[in-house]
Amino acid sequence: MAQMNMLEAIRDAMRVELKRDSNVLIFGEDVGKVGGVFRVTEGLQEEFGEERVFDTPLAESAIGGLAVGMGVQGLRPIAEIQFVGFIYEALDQMFIQAARMRYRSGGRYNSPIVFRTPFGGGVKAAELHTDSLEGLAVQTPGIKVVIPSNPYDAKGLMISAIRDNDPVFFMEHLNLYRAFKADVPEGEYTVEIGKANVVREGSDVTIIAYGMMVHTAVKAAAELEKQGIKAEIIDLRSLVPLDIDTIVASIQKTNRAIVVQEAQKTSGVAAEVIAQINEKAILHLEAPVLRVAGPDTVYPFAQIEDQWLPTPARIVAAAQKVINF
Amino acid sequence: MSKLPYEVQTEPVTPLSVLSLDGDVINPDLMPDLTDEQLKEIMYRMVFTRTWDERAVNLGRQGRLGFYAPVSGQEASMVGSEYALNKDDFICPGYRDMPQLVWHGLPLYQAFLYSRGHQHGGQIPEDVHVLMPQIIIGAQILHATGVAMAFKKKGEKRVAITYTGDGGSSEGDFYEGLNFAGVFKLPVIYAVQNNGYAITTPFEKQTAALSIAHKAVAAGIKGVQVDGMDVLAVIKAVRDAAELGRNGEGATLIEMLTYRFRPHSMADDATKYRTKDEEAEWALKDPLIRFGKFLEKKGLWTVEDTNRVKEEAKAAVNENIKKAEAVEKMTVAGLIDTMFETTPQHLEEQKADFQ
């Protein structure tokens, strides 16, 4: 067992798979020599050579299209889009070409591709580096969406993503890359895509979150504990497929829930989670399910991002609201 | 003070031809090496394709085909470019490029199924090396680039070819693809069938470049413009490009000057943006007439041969449209099962709404 931060855990997953399967390749902007702007792929080109880990010209659509063409020929590309805002340049290749390959060919071809991108707020980054664009992806049929919240999950989910025969949009929260270290097993293990994780047990209210917001929820839960409220926290880990069964099981116990997301409030993942709770667990609810989310504005410049992002205090307030309903 | 010398300006190009309009060899140096049997086969395929196209237009009017992009006029660039490939070379087509897919091995009834909006149309047989027709203009250019990179990485002596039109050459994906191919020296052929119009928009509103072939210069790959109504010139250009690719000498952009005799699609009216004079001018360059004359002078082809092939093609179209119509309809449940390798729970549950 080694101690790794999330960035090292993701790198370790890619190293394991590069070693195991010669069809696995990594490419993108600046991923080779220096290992990417965040050093997630650091050392991999040195270890596996330029044929396996390489820099491309600066063109995101081509990075996506290259991955699609290679996938058709049986390779398993890990394509890095340097910052989340740059996926807009690659949306056709990611969300149409890769996501529809299996359907368009009636199963003859597929896109065994991992599209990696850093995202998420709180690090005072430049404009369009920090948006939470997972909502675009979950509206797109044919692509899985994975967001880890800790090193152990990140490695296990990344190995699953690389081995998946369908495209996976793997979003890595910037604020979690170096936030903390945790035990990560050596070698290979997988965390199943589509299974949520109960990270804290409780009986009074369920807090559903993913990515950085899991940690914000943990802080809120500690505060609620002081008030005698026992919060259960579910880390979704994957948004497509969404593990509604774990959510429903928790609500059967707590009868109350809130959903926390960093993304803008309207029509996002939280809205979908609430819709599915309505479909499957409405008779277990004692109160409406509330959202804690960013406002429906563009993601702000760095000066006010700390106010813009959901805080433990806002989660606590929402929890009190559903409990006192 | 003198003005800056703009050194990167290049000279206009002249399209390469092998045959004159009368079917005489005017450029023997460029004559591809082909046996009499091969020459006859090429003519067979062009006549077959023309007849299929005529029949398809009628089938569209009868409602027996759906979206269909006519090909008449472009037989030399389509049939010739495919003929120059090996069977294991890979084709990434645009939406009009069904003839290349069929001559590369896609069963004709599947081409009809694609047009009829049936998923089986895209279920390419295992031994046929093509992608389905691409609707997003230019997206396939990047797929061919990726396929070529896979060939190179695996050390396979195969090339990828992709097709787009004059309109497609304005897309960002076009420039990105060419640029990647230049940097990585990939075995890929970018075939641009410049038929003068992107639906209704004429070529002069598409680019101020001297030609589309010139765009190869910026990407550092080879570029050539050929007479796309001359099947022998097309074959020569594609064969040479494929050889370069196989020998590790990188990518080629081939601009093929051609013309679609019919409208863009069955919903289009070409009389609104093209003149009768222009159409008449291009009709004189008809690839079937020109190549037919060449073969007739060599004693390899007669009007009877053309008539025989037309009958064969009509029979094949009839047989294949019937076969396509007999294929069981798609179901929503079946569609759901092609979203992912293993259908996730939420999609399994959604099937219930469609039973």
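One cut-off before we start: a residue is called buried when its relative accessible area is under 20%, exposed when it is over 50%, and partly exposed in between. Keep in mind that this is a predicted model.

**Exercise 1.** Decide whether Ser20(B) is buried or exposed, and find what it touches.

*Solution.* Start with the location: Ser20(B) sits in the segment before helix H1 (36-61) of chain B. Next, take its relative accessibility, which is 16%. The cut-off for buried is under 20%, so Ser20(B) counts as buried. Finally, skip the neighbours within four places in sequence, and the contacts of Ser20(B) are Ile26(B) and Arg290(B).

**Exercise 2.** Work out where Ala13(A) lies and which residues outside its sequence neighbourhood it contacts.

*Solution.* First, find Ala13(A) in helix H1 (residues 6-20) of chain A. Its relative accessible area is 0%, so Ala13(A) is buried. Now look past the neighbours within four places in sequence: Ala13(A) is in contact with Lys155(A), Met158(A), Ile159(A) and Ile162(A). Take Met158(A) as one of these. It is 145 residues away from Ala13(A) in sequence, yet the two C-alpha atoms are 6.1 Å apart in space.

For context, UniProt (an unreviewed entry) places the feature "domain: Transketolase-like pyrimidine-binding" at residues 4-179 of chain A. Over residues 4-179, chain A is 39% helix and 16% strand, with the end C-alpha atoms 10 Å apart.

**Exercise 3.** Describe how helices H8 and H9 of chain A pack against each other.

*Solution.* Two packed helices are described by the angle between their axes and the distance between the axes. Here the axes of H8 (residues 244-254) and H9 (residues 269-281) of chain A come within 10 Å and cross at roughly 65 degrees. The handedness of the crossing of H8(A) and H9(A) is right-handed. Then list the residues making the contact: H8(A) brings Ile244(A), Ile247(A), Val248(A) and Ile251(A), while H9(A) brings Val273(A), Gln276(A), Ile277(A), Lys280(A) and Ala281(A). Sorted by class, the contact has seven nonpolar residues, one polar and one charged.

**Exercise 4.** Size up the interface between chain B and chain A, and say which three residues of chain B supply more buried area than any other three.

*Solution.* Count the residues: 42 come from chain B and 43 from chain A. Then take the area: the two chains bury about 3,500 Å² between them, 61% of it on carbon and sulfur atoms. On the chain B side, the three residues are Lys153(B), Phe180(B) and Phe340(B), which supply 19% of the area that chain B buries against chain A.

Definitions and conventions: Residues are numbered from 1 along each chain as its sequence is written. Chains are lettered from A and ligands numbered from 1 in the order in which they are written. This is a predicted model: local features need pLDDT of at least 70, side-chain atom pairs count only at pLDDT 80 or more; totals for chains, interfaces and linings use all residues. Side-chain values use heavy atoms; hydrogens and water are left out. Axes are lines fitted to C-alpha atoms, for helices over the stretch in contact, and angles run from 0 to 180 degrees between N-to-C directions. Helices (H or I, at least four residues) and strands (E, at least two) are DSSP runs, numbered from the N terminus. A crossing is left-handed if the near helix is turned anticlockwise from the far one by less than a right angle, and right-handed if clockwise. Contact means heavy atoms within 4.5 Å. Ala, Val, Leu, Ile, Met, Phe, Trp, Tyr, Cys and Pro count as nonpolar, Asp, Glu, Lys and Arg as charged, and the others, Gly among them, as polar. UniProt positions are given in the numbering used here, feature names are shortened, and annotations may be inferred rather than shown by experiment. Buried means under 20% relative accessible area, exposed over 50%, partly exposed in between (1.4 Å probe, protein chains only). Buried area is the accessible area (1.4 Å probe) that two parts lose on being put together, summed over both.
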